Structure formats: structure tokens, C-alpha cells
Amino acid sequence: MSSIERVTVIGAGTMGAGIAELCATRGVLVKLFDLSAEVASSARQGALARCDRRVEKGSLERTEREAIAARFVNTSDLRDAVQDTQIVIEAVPEDMTLKVKVLKSALEQAPTTALFASNTSSLSITELGSRLGVPERVIGLHFFNPPPVMPLIEIVRGLSTHADVLAKASAFVAQLGKEQIVVNDSPGFATSRLGVILGAEAMRMLETGVAGVADIDRALELGYRHPMGPLKLTDLVGLDVRLAILDHLTREIGEQFRAPVLLRQLVRAGKLGKKSGVGFYVWTEQGPVPNPELAR
């Protein structure tokens, strides 16, 4: 199977920027589209700044840095972004209506051979494919933050996803140098379903005074060899993202996924984790420290 040479990423937020950086680093020409030219440009500049730091440390050759820069294109012109692409990957917020809207626009202008992938962490790939009218060409590619570093990509097969599309997606993940799991479309897939239930229980433990933020996280880090505790991970993912997933899983599966009151309060207060500077931790230049407002 021939390798993928041209990819479009829609949405230049944290995940979209990271996915684009990963693709460019692995030799793929990537066009990062965002309605805001400024946001797309900033995402590219951030990726190249990280490359510059690697050059300074000696872990990346200057010539390869320049090659990555040449492969990483930012644009606010959707036709330019998708006209010769092989895979479109959407990385917009977790809203089915929004995802359908942006992918329909891309579908109208992309080659008929292009695959359409969603980076959704919980929404139905089967529903997305059905609403786009090309269910056989739609698949889930669930990346983890930060995409250039995290080793796993979760491939989600919709009810009507064609076997050839699954095979191409699997080969693409291998091309990116990532490990993969393949799951059938279901609410929360495998990773989000397991991750949010653990995170929600950690929040309930905090609410009821079982232990503090740092000790709850250290219980999993040291007792079970988790690289990061569930509360710190929630801060990195985004408390608003975790809340949206829990609300979706509550509707789809049941009350065991009902979001803790504390999580909803923090989101309403705009304390969304690392991206806002405060969540379960306060994110300082020296590193994260437990949020003193949550001390019990």
C-alpha cells in the first residue's frame, strides 16, 4: 500500500496544530486550515519554535527543520487546503453539528478518493458518516495530547466504514510512527470511556475529602505506574472537554458517567485546566501546583 503524501487538518487549536506538526515531522505535506489566518499562522510558528529548540539541543538537524517548515503549510482557504488531499482530519470542538458542517464543506471540494477522519474523542463515527452521506469513507482517528509525543492513535471503525478505508488509516498511523488500537464505534470508544470514568471518580474523591489533589494523582502514578494522575491529565485535556464527554456518555450509556458537581463548577468559573492557567492545578512557569482553592 502506497504511503500518504498529502494531508489536510481542519482546526488549528491545540490538537489540530499538534496533528499537523506530527504529520510534517514524519515526512507528510500537511495543510493546516483554520478560518482565522492568525490562528493557523500561530500554530505553525509554535511548531517551528519547538523544532528550533530541538536544533539547539542537537536532537534535530537544521536541514530537517527546514524540510519540516516546507511541509507545514497554514491556510485559511479551504479549497486550497483540500483540493489534492488524500486524508482530511477534522480537529474542531466536540460538537456534532459543527463537525458535520466543516466536513461537508471539505467534502464538496476534496477529491472523491479522499478519506475523512475525525479526531473526536467520544462522538459517533457512524452518525458522522451518515450525516455526511459517505459513511464508507469516514473513520475515527483519535489522537492524544500532545500528538507528536503520545504513542497511541485510536482508530474507530464506523458501522459502514469500508475495509479499504480502515486498511489505509491503519497504514497511515504506522507511517506516523504510532501504535494503534482498532475499536468499533461506541460511545466514548475505549480510551475516553476508561479515562473519564477514572477521572470522574478522582474528582468525587476530592469532593468528599478522601485526599488532596496531589495525593490522589500520586496514588495512580506511584501505586499503578500511571505516567500522570487523573486530575493532572484532566487539566491537560481540558475540563470543558472532559465535561462534554461525560455529559455525552451519561446520555448514551447511563448515570455512572454523570459529571461531578465540582467539575461543572470549575468549568462555569472558566477554570479549564492548563489552557486557562487554572484547573485542579495552577499552571505556573515553574510547573503545576495543586489549586489551593480545592484544599480540603
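Trainee: Which residues of helix α6 are buried?
Mentor: Keep in mind that this is a predicted model. In α6, which runs over residues 125–132, the buried ones are I125, L128, G129 and L132.

Trainee: How are they placed around the axis?
Mentor: They span an arc of only 95° around the axis, so they sit on the same side of α6. There is a general point behind such spacing. An α-helix has 3.6 residues a turn, so residues three or four places apart point the same way.

Trainee: What covers the buried residues of α6?
Mentor: The cover includes helix α5 (96–107). It also includes the strands β5 (115–118), β6 (138–142) and β7 (152–157).

Trainee: And the ends? What happens at the start of α6, and what comes just after α6?
Mentor: At the start, a side-chain oxygen of S124 comes within 3.3 Å of the backbone nitrogen of T126. Just after the helix, G133 has a positive phi of about 85°.

Trainee: Back to β5. Is S118 buried or exposed?
Mentor: S118 belongs to strand β5. Its relative accessibility is 0%, so S118 counts as buried.

Trainee: What does its side chain reach?
Mentor: The S118 side chain reaches the backbone nitrogen of T120, at 3.1 Å.

Trainee: Which residues is S118 in contact with, leaving aside neighbours within four places in sequence?
Mentor: E90, K99, I125, L128, I139, G140, L141 and H142.

Trainee: New topic. Which residues touch the most other members in the largest nonpolar core?
Mentor: That core has 40 residues. V7, C23, I87, I89, L141, F143 and F172 touch the most other members. Helix α1 (residues 14–25) gives the largest share, 7 residues.

Trainee: Let's zoom in on I87. What does it touch?
Mentor: Setting aside residues up to four places away in sequence, I87 touches I4, R6, V7, T8, L115, A117 and F172.

Trainee: You mentioned F189. What is its phi?
Mentor: It is positive, about 55°, although F189 is not a glycine. Most residues other than glycine have a negative phi. F189 sits in the loop between β8 (179–184) and α8 (191–207). At 4% relative accessibility, it counts as buried.

Trainee: What about R225? Buried or exposed?
Mentor: Exposed, because its relative accessibility is 79%. R225 also has a positive phi, about 60°, and is not a glycine. Look for R225 in the loop between α9 (213–223) and α10.

Trainee: Where is the cis peptide bond?
Mentor: It joins N145 and P146, with omega at about 0°. P146 is in the loop between β6 and β7.

Trainee: Last one. How do α10 and α11 cross?
Mentor: Helix α10 covers residues 230–237 and helix α11 covers residues 239–252. Their axes come within 6 Å and cross at roughly 100°. The two helices are therefore roughly perpendicular to each other.

Trainee: Which residues meet there?
Mentor: From α10, they are P230, L233, T234, D235 and V237. They meet L239, V241 and R242 in α11.

Notes: Residues numbered from 1 in each chain as written. Predicted model: local features only at pLDDT ≥ 70, side-chain atom pairs only at ≥ 80, totals over all residues. Heavy atoms only, no water. Buried < 20%, exposed > 50% of the residue type's maximum accessible area, 1.4 Å probe, protein only. Helix = DSSP H or I, 4+ residues; strand = E, 2+ residues; numbered from the N terminus. Arc of directions from axis to C-beta. Contact = heavy atoms within 4.5 Å. Polar contact = N/O pair within 3.5 Å; in protein donor to acceptor, adjacent residues only side chain to side chain. Core = buried A, V, L, I, M, F, W, Y, C linked by side-chain atoms within 4.5 Å. Axes fitted to C-alpha atoms, helices over the stretch in contact; angles between N-to-C directions. Parallel < 35°, antiparallel > 145°, perpendicular 65-115°, else oblique.
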